[in-house]
Amino acid sequence: MKRYTLFSGCMISTKLPFVEALTLSTLRKMDVGVMTLKDWSCCPEPTMIRMLSEKAWYALAARNISIAEESKCNILTLCNGCLTTLLKANEDIKENTNLRREMNAILGRVERDFKGSVEVKSLWRFLYEDIGTKKLRELVKKPLVDFRVAIHYGCHMMEELKLYDNIQDPKALRALVRILGADVADYPDGLKCCGYPLSPINRDLSIDEAADRLRGVYEAQANCLCVLCPACYLQFRLALRRNRQLKVKLAYYPELLGSAMGVLPTLQQRSREDVPHRRPSDAC
Amino acid sequence: MWSALSKPASSISRVSLPELLRRRRTKLILKIFRETAELSFPTPVEIYRRLLALQESDYVKLFEHSKTLAGMLMKNGSLAVVTNSTKRMRKELGLPSLMFNQHEVKKITAATELLKIMGREK
């Protein structure tokens with residue numbers, strides 16, 4: 001039986017810990033053994049840190065992977081950024097002998113070693129490929145019947161999505177939402193960026209981008225936007241605060257899953273005007 | 001597009017080391033943005049296309065922002081500070097305490113060119 005560890009990443013573990021808690025609860029209900037490991041660092045972030053030093057980016061990612069290897073755990077990610085970094089670093093270092101030698105020389109300074117013995121997957125790919133839609137459907141206790149859900153994928157999901165789905169017309173995530181009893185809404189910009197990368201340069205412009213996506217969701221008559229990345233989540237939360245006329249609920253996929261599985265109070269119990277919803281655990 | 005990128009090497013040979021490093025980083029970010037933009041082609045990631053067309057001053061902002069993030073990473077082991085509020089929330093949710101290992105992060109980054117690029121090398 002494969003063992004897993006959940007790599008929540010620094011944004012989820014500090015800013016959106018309810019997503020981590022919900023994910024652990026739902027995985028336990030699926031009888032998936034998830035170990036908690038110590039000593040993580042940031043994955044590291046896939047664009048800005050890599051821009052400064054690709055070597056440091058690979059080395060820090062290799063260190064995180066080596067921690068999972070010591071416990072013989074495959075890595076499940078909850079964040080598109082962590083996914084891109086750990087997936088790409090894992091594959092590149094496995095395949096490139098020189099890079100692996102260089103990384104292990106650096107890791108030797110902290111008495112660690114990259115062996116290339118574990119795999120990295122997003123939670124979504126794991127649910128789709130390893131758990132399967134049939135078993136997931138059996139776990140749904142409270143179908144999300146009143147929900148018409150638009151999916152926002154996030155740019156950094158593409159690195160993995162191309163490995164198991166058609167990135168021009170993705171099906172897997174739609175299936176994962178449908179089995180929860182929700183309807184999936186098509187809208188034209190689901191694969192476009194939320195605008196987050198522009199935020200260091202022009203915050204208002206970046207939020208306008210997110211608001212554009214939300215308008216597309218609203219016009220498609222969706223009442224919920226499902227996201228899979230903490231940066232997208234925070235970006236859309238801010239855009240919803242600035243555009244309160246857009247009555248769209250924002251939900252990280254584990255919230256939808258947890259709600260349908262009965263791990264959470266049903267989303268239907270929350271007010272439609274509760275946008276963006278806040279809970280005690282989300283006061284950051 | 002930033003015109004300095006297309007200048008022949010001889011014309012930039014007298015610029016300072018930090019400036020040369022900055023230009024090298026800019027080339028790298030262009031590579032990263034192009035990779036990301038091309039991944040989702042032909043459904044274009046408009047933002048990354050926009051980033052590819054940024055002005056020099058915007059790149060400087062991005063570069064400074066990335067240095068800030070790297071500084072946080074080296075100081076905390078993460079890009080987010082673990083506040084008392086974070087600790088309280090995690091405890092309420094029954095989640096384990098966060099222990100980012102900044103000690104090992106510092107040792108590893110010291111073995112790379114990161115400190116030099118950030119202008120922190122002694």
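**Helix packing, domain contact and chain interface**

In the predicted model, helix H2 (residues 17-29) of chain A packs against helix H13 (residues 253-260) of chain A at an angle of about 45°. Their axes lie 9 Å apart. H2(A) is therefore oblique to H13(A). The crossing of the two helices is left-handed. On the H2(A) side, the contact is made by A:Val19, A:Leu22, A:Thr23, A:Ser25 and A:Thr26. H13(A) contributes A:Pro254, A:Glu255, A:Leu257 and A:Gly258. By class, this contact has 4 nonpolar, 4 polar and 1 charged residues.

Chain A is divided into two domains: domain 1 covers 4-123 and domain 2 covers 135-282. The centres of domain 1 and domain 2 of chain A, taken over C-alpha atoms, are separated by 24 Å. Domain 1 of chain A gives 23 residues to the contact, and domain 2 of chain A gives 24 residues. On the domain 1 side, the elements with two or more residues in the contact are helix H1 (9-15), H2 and helix H5 (80-95) of chain A. H2(A) gives the most to this side, with 8 residues. The residues of the domain 1 side divide into 12 nonpolar, 8 polar and 3 charged.

The contact between the chains takes 52 residues from chain A and 50 residues from chain B. Elements giving two or more residues to the chain A side are H1, H2, helix H3 (48-52), helix H4 (54-70) and helix H9 (158-164) of chain A. H4(A) supplies the largest share of that side, 6 residues. By class, the side of chain A that touches chain B has 29 nonpolar, 9 polar and 14 charged residues. For the complex, the predictor gives an ipTM of 0.85 and a pTM of 0.85.

Confidence was also examined along chain B. The mean pLDDT of chain B is 71. Of its residues, 52% reach 70 or more. Confidence in chain B is lowest in helix H2 (residues 46-52) of chain B, at a mean of 59. It is highest in helix H5 (residues 102-110) of chain B, at 93. Over residues 1-17 of chain B the pLDDT is below 50. Beyond near neighbours in sequence, that stretch has 11 contacts in the model. Residues 40-44 of chain B also have a pLDDT below 50. This second stretch has 9 contacts beyond near neighbours in sequence.

Terms used:
Residues are numbered from 1 along each chain as its sequence is written. Chains are lettered from A and ligands numbered from 1 in the order in which they are written. This is a predicted model: local features need pLDDT of at least 70, side-chain atom pairs count only at pLDDT 80 or more; totals for chains, interfaces and linings use all residues. Axes are lines fitted to C-alpha atoms, for helices over the stretch in contact, and angles run from 0 to 180 degrees between N-to-C directions. Helices (H or I, at least four residues) and strands (E, at least two) are DSSP runs, numbered from the N terminus. Angles under 35 degrees count as roughly parallel, over 145 as roughly antiparallel, 65 to 115 as roughly perpendicular and the rest as oblique. A crossing is left-handed if the near helix is turned anticlockwise from the far one by less than a right angle, and right-handed if clockwise. Two residues are in contact if their C-beta atoms, placed from the backbone, lie within 7 Å. Ala, Val, Leu, Ile, Met, Phe, Trp, Tyr, Cys and Pro count as nonpolar, Asp, Glu, Lys and Arg as charged, and the others, Gly among them, as polar. Domain bounds come from an automatic or database domain assignment. pLDDT is the predictor's confidence in each residue, from 0 to 100.
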